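Please look over the model shown here before reading on. The briefing that follows takes up charged pairs, a helix, aromatic rings and confidence.

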Amino acid sequence: MPITDFLPQYRELNTIFTNAVNNGTVSYAEQCLITEFWNKYHDVKLFEKMVLDLILEKDKSTYILLLENIESEVKDNIRQYESAKESLDGINVMDVCLEAVREYDSPIKCQSQVVQKYWRELCSIEGGLDSIGFREHTQQEEERLWKQREEVKTSHDEEQKKLVALYEEQEKFRRESLKYIINLFGSIYNLSLVFNKIVNNYLAKGIRSDEKKQKVMKDGEEETKSLPQVSLTIEPNMIFRTKMYEKFLLLESKLVDNKYLDAELHWKSVHGNGKPDIKKLVIFLIALIDNNYFLPNKDPQIKTFFESRYHIAIGQNFERKRRESLTNEYKVVFYDYSF
C-alpha cells in the first residue's frame with residue numbers, strides 16, 4: 001500500500017480524535033474507521049516498508065515533503081491523545097456499538113404492530129367463518145369471507161417476512177458490531193509514538209544531507225524576522241482571473257483546517273526551528289499559478305498580495321529561478337487539494 005493512501009486515512013483518524021475530544025464520544029461509523037485503521041496499520045513493519053518504498057521510488061525532495069506531512073499528522077495525533085487521555089480512554093465504545101444495534105428496535109416495533117394488525121383482522125375473519133355454519137347465510141356471504149381471509153392472510157404473511165428479515169438484519173449487525181467493541185485510542189497513540197520514531201529517523205538522515213534546499217530558503221527565513229512593509233493595497237480582482245478568487249477562498253479554508261493558517265490568516269506552518277515554512281507557501285502559490293488562478297505577468301502583485309494577506313515576508317523565494325526547484329511539488333504537499 002502506498003504512503004499516499006496512508007496520509008488521508010491518518011488525517012481522517014485525527015479528525016475523529018478531535019470530534020471525540022469535543023463530544024466525549026464517537027459515532028458507530030467513527031469507531032468502525034478507528035478499528036479498521038488499527039487492523040490495517042498496527043503491524044509496524046508494514047508502515048516502515050511503506051516509508052522505505054517511498055524513499056526508493058521518489059527523489060529526496062519529494063519523499064522528505066511527504067515524510068514531513070506524515071510527521072505533522074503523527075504529532076497531531078500524539079498531542080490530541082496526551083491532552084485528553086482520560087476522556088478518550090473513558091469512552092465506552094461497547095455502548096456505542098449496542099446503541100447502533102438498538103437502532104433496529106424502532107423499525108422492528110413498527111413492523112410488529114403492522115403484523116399484529118393483520119393477525120387480529122385474520123382472527124376476526126376466521127371467527128366469522130367458524131360461526132357461519134351455525135346460522136343462516138348465503139353462498140355469496142361465505143365466498144366473500146373466504147376471499148377476505150385469503151387477502152388478509154397474504155398481506156399478513158408478506159409483512160411477517162419483512163419482520164423476520166429485520167430481526168435477521170439486526171442479528172447480523174450485532175455480530176458484525178462485535179468487531180468494534182474495543183477502545184483503541186490508547187493503542188493508536190502507542191502506534192503513533194512508534195511511527196514518530198520511524199519518521200524522525202528517516203527525516204534526520206534526509207535533511208542532514210539536504211544542504212542545497214536549506215540554502216534556497218535561508219534568505220526567506222531571515223526575512224520573516226519582520227513583517228513586510230506594504231505600500232500598495234492589492235485587490236483580488238487585480239491578480240485573480242474571473243471567478244477564481246471564489247475558488248481560491250475554498251482552498252484557503254482548507255489551509256485553515258490543515259493548520260497552515262490560523263483564524264486570522266497568519267501563516268503558521270513551521271520548521272523544526274520554529275520559523276514559518278515559506279517553502280510550503282511558495283509551493284501553494286505555484287499550484288495556483290499552474291492552475292491558472294492568476295492573470296498573466298502579475299508576480300510582483302501576487303507576492304505583495306500574499307505577504308499582506310498572510311502576514312509574512314516571502315522575499316526572493318518567489319522569484320522564478322527559485323521556484324523552478326519546487327515545480328510540481330504541490331502535487332505531493334497538497335495532494336488532496338482540489339485546485
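## Charged networks, helix packing and aromatic pairs

Arg11, Glu73, Lys254 and Asp336 are linked in a network of salt bridges, a salt bridge being a side-chain nitrogen of Lys or Arg within 4 Å of a carboxyl oxygen of Asp or Glu. This is a predicted model, in which local features need pLDDT of at least 70 and side-chain atom pairs count only at pLDDT 80 or more, while totals for chains, interfaces and linings use all residues. Residues are numbered from 1 along each chain as its sequence is written, and side-chain values use heavy atoms, with hydrogens and water left out.

**Confidence**

- The protein averages a pLDDT of 84, and 88% of the residues score at least 70, where pLDDT is the predictor's confidence in each residue, from 0 to 100.
- Confidence is lowest in helix H10 (residues 211-223), at a mean of 44, and highest in helix H2 (residues 28-41), at 94; helices are DSSP runs of H or I with at least four residues, numbered from the N terminus.
- Over residues 208-232 pLDDT stays under 50, and for these residues the model has 40 contacts beyond four places in sequence, a contact meaning heavy atoms within 4.5 Å.
- Where pLDDT is low, the predicted coordinates should not be read in detail.

**Salt bridges**

- The structure holds 19 salt bridges.
- Within helix H4 (residues 60-83), Asp76 and Arg79 lie three residues apart, about one turn of the helix, and they form a salt bridge whose closest N and O atoms are 2.5 Å apart.
- Asp76 counts as buried at 14% relative accessibility, whereas Arg79 is partly exposed, with a relative accessible area of 44%; buried means under 20% relative accessible area, exposed over 50%, and partly exposed in between (1.4 Å probe, protein chains only).
- Asp299 forms a salt bridge with Arg320, with 3.4 Å between the closest N and O atoms. Asp299 lies in helix H13 (residues 299-310) and Arg320 in helix H14 (residues 320-323), so this pair ties together parts that are 21 residues apart in sequence.
- Asp299 counts as buried at 17% relative accessibility, while Arg320 counts as exposed at 52%.
- Lys303 and Glu307, both in helix H13 and four residues apart, also meet in a salt bridge through their side chains (3.4 Å, N to O); Lys303 is partly exposed at 24%, and Glu307 is buried at 8%.

**Helix H11**

- Met244, Tyr245, Phe248, Leu251, Glu252 and Leu255 are buried in H11. They cover an arc of only 110° around the axis, which puts them on the same side of H11; the arc is that of the directions from the helix axis to the C-beta atoms.
- The buried residues of H11 pack against helix H12 (278-290) and H13, and the face turned away from the buried side carries the exposed residues Leu250 and Asp257.
- Lys259, whose phi is positive, near 70°, follows H11.

**Aromatic pairs**

- Rings of Phe, Tyr and Trp (its six-membered ring) pair if their centres lie within 6.5 Å, with planes under 30 degrees apart counting as stacked, over 60 as edge-to-face and the rest as tilted; by this rule the count comes to 31 aromatic pairs.
- Phe6 and Phe37 form a tilted pair, 6.0 Å centre to centre with 40° between the planes. This pair links distant parts of the chain, with Phe6 in helix H1 (residues 3-23) and Phe37 in helix H2, 31 residues apart.
- Phe6 is buried, with a relative accessible area of 0%, and Phe37 counts as buried at 4%.

Methods:
Helix = DSSP H or I, 4+ residues; strand = E, 2+ residues; numbered from the N terminus.
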